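Dear colleague,

Please find below the structure that I am handing over to you. The notes on what was found in it follow directly after it.

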Amino acid sequence: MVDRRYRLTLTTTAGRTIMDGRWSNLATAERKFRSWIGSYSAIPSARIALAEQAADATWTELKAWPDSEA
């Protein structure tokens, strides 16, 4: 089994998942993150998030587009 600890999700602001993908390499996941922004940023209310899965199976968001307002 391949370790796919990095996940990208494309969702609407209403929380509906449009698509997702998983990669084992952070550099690949970050490249895909930038690519998805270019490809899907025109979708109204789109949100793209990159997260990492920990050993206990919890997910931590590493970055999101558009940037989260904190």
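Strands E3 and E4 pair in the antiparallel sense over 6 bridges; strands here (E, at least two residues) and helices (H or I, at least four) are DSSP runs, numbered from the N terminus, and two strands pair if DSSP finds at least two bridges between them. The model is a predicted one, in which local features need pLDDT of at least 70 and side-chain atom pairs count only at pLDDT 80 or more, while totals for chains, interfaces and linings use all residues. Residues are numbered from 1 along each chain as its sequence is written, and side-chain values use heavy atoms, with hydrogens and water left out.

Ala-57 is partly exposed, at a relative accessible area of 45%; buried means under 20%, exposed over 50%, and partly exposed in between (1.4 Å probe, protein chains only). Although Ala-57 and Arg-5 are 52 residues apart in sequence, their C-alpha atoms are 9.2 Å apart in space.

The sheet as a whole is open and has 4 strands in the order E2-E1-E3-E4, with antiparallel pairing. E2 and E4 are its edge strands, since each pairs on one side only. From one strand to the next, the twist averages 20 degrees (axes are lines fitted to C-alpha atoms, for helices over the stretch in contact, and angles run from 0 to 180 degrees between N-to-C directions). Strands of a sheet pair through backbone hydrogen bonds, either parallel or antiparallel.

E1 and E3 run antiparallel and are joined by 7 bridges. Leu-8 stands opposite Leu-50 in E3. Thr-12 belongs to strand E1 and is buried, with a relative accessible area of 14%. Apart from neighbours within four places in sequence, Thr-12 is in contact (heavy atoms within 4.5 Å) with Ile-18 and Ser-45.

What of the helix, H1, and which of its residues are buried? They are Ala-29, Phe-33, Trp-36 and Ile-37. These residues cover an arc of only 100 degrees around the axis, which puts them on the same side of H1; the arc is that of the directions from the helix axis to the C-beta atoms. An α-helix has 3.6 residues a turn, so residues three or four places apart point the same way. The buried residues of H1 pack against strands E1 (6-12), E2 (17-23), E3 (46-53) and E4 (59-65). Arg-34 and Gly-38 are exposed, on the face of H1 turned away from its buried side.

Yours sincerely
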